[in-house]
Amino acid sequence: MLVNLNDVLVPARKGKYAVGLFNTVNLELARGVMEAAEELDSPVIIGTAEVLLPYGPLEDLANLLIPMAERASVPVVVHLDHGLKEETCRLALELGFSSIMYDCSTMDYGDNIEHVKRMAETAHSFGASIEAELGHVGDNEGGSAEGSGPGAEPSQFYTDPVQARDFIDRTGADALAIAVGTAHGAYKLPPKLDFDRISEIAETISTPLVLHGGSGLSDSDFRTAVERGISKVNIFTDINCAAAKAAHDFYKEGCGLTDIQNQITEAVKQETMKKMRIFGSAGRG
């Protein structure tokens, strides 16, 4: 069934488990994630990010993912991750996405509030939910955590708990992505998460908290983060790499895509199920 973030993250926060967002840019990824959710009776969040649109246009993915969600026997959120432009977020809502993330985290604090508040009003008018980001979860191009470049000090980008309360009060965001030591992409060095900061933010606001840059964390990191208050974990690199590895492993000279398509889907399914069990969402559908 198609639902929004509030339908899956409010119960997750109360139950002290997390629901995974798995970005799905094609049929194999989408099938793998959905089959995992239904087999484990787990709520799930599927979707795409603005930076991934060159690999799967928003209109095409809406036509694929929304009917899959509506047919599913478990709650499914169809989510735009890291919407960077207002027009992209609006298009996702018009196409029927049940949730968006409007990422204004690189803006000044006041501008972040202003833009997210305006988009929250729009999303809510569609019956959709909205996620925002405070602090900044960077990329792994220049290091192992937030920041850009080897000399950056990651903690300067971390989310401030007091500011988080003010931000939620003023924007009306339904979920908050926080910066606590993770980064997007494949890690060059093991990340070090600030678990105490997660706890402090969770005690300060009742809004479900989101961990970006989840691929590559240890099972222990995930479990501790969820215990401390994370209700949503974003995953892409791990399932993307699982799909590519399966394509490599099962390819042989002369075979076509259909000869390896189901193996790719199965690899994505297994990796997704692994994450769902770690997050504690299995059996919560």
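A residue counts as exposed when its relative accessible area is over 50% and as buried when that figure is under 20%, with partly exposed in between. Keep that in mind as we walk through this structure, which is a predicted model.

Let's start with Lys16, whose relative accessibility of 60% is over the 50% cut-off, so it counts as exposed. Lys16 sits in the loop that runs between α1 (5-15) and β2 (19-23). Its backbone is worth a look too: Lys16 isn't a glycine, yet its phi is positive, at about 60 degrees. Asp41 does something along those lines, with a positive phi of about 50 degrees although it is not a glycine either. You'll find Asp41 in the loop between α2 (27-40) and β3 (44-49). Asp41 has a relative accessible area of 33%, so it falls in the partly exposed class.

Now for the inside. Nonpolar side chains in soluble globular proteins tend to be buried together. Here the largest nonpolar core has 77 residues, and the members touching the most others are Val44, Ile100 and Leu176. Take Leu176: leaving out residues up to four places away in sequence, its contacts include Ala132, Leu134, Ala164, Phe167, Ile168 and Ile205, along with Thr207, Pro208, Leu209 and Val210. There is also a second, separate core of 14 residues, with Leu5, Val8, Leu21 and Ala175 among them.

Next, the rings. The model has 2 aromatic pairs. In one, the ring centres of Tyr109 and Phe167 are 6.3 Å apart and the planes meet at 40 degrees, so this pair is tilted. Tyr109 belongs to helix α5 (residues 109-125) and Phe167 to helix α6 (residues 161-171), so the pair links parts of the chain 58 residues apart. Tyr109 is partly exposed, at 25% relative accessibility, whereas Phe167 is buried, at 0%.

The other pair, Phe222 and Phe279, is edge-to-face, with 5.2 Å from centre to centre and 70 degrees between the planes. Phe222 is in helix α8 (residues 219-228) and Phe279 in helix α10 (residues 257-279), so their pairing ties together parts 57 residues apart in sequence. Both of these phenylalanines are buried.

Terms used. Residues are numbered from 1 along each chain as its sequence is written. This is a predicted model: local features need pLDDT of at least 70, side-chain atom pairs count only at pLDDT 80 or more; totals for chains, interfaces and linings use all residues. Side-chain values use heavy atoms; hydrogens and water are left out. A nonpolar core is a set of buried Ala, Val, Leu, Ile, Met, Phe, Trp, Tyr and Cys residues joined through side-chain atoms within 4.5 Å. Buried means under 20% relative accessible area, exposed over 50%, partly exposed in between (1.4 Å probe, protein chains only). Contact means heavy atoms within 4.5 Å. Rings of Phe, Tyr and Trp (its six-membered ring) pair if their centres lie within 6.5 Å; planes under 30 degrees apart count as stacked, over 60 as edge-to-face and the rest as tilted. Helices (H or I, at least four residues) and strands (E, at least two) are DSSP runs, numbered from the N terminus.
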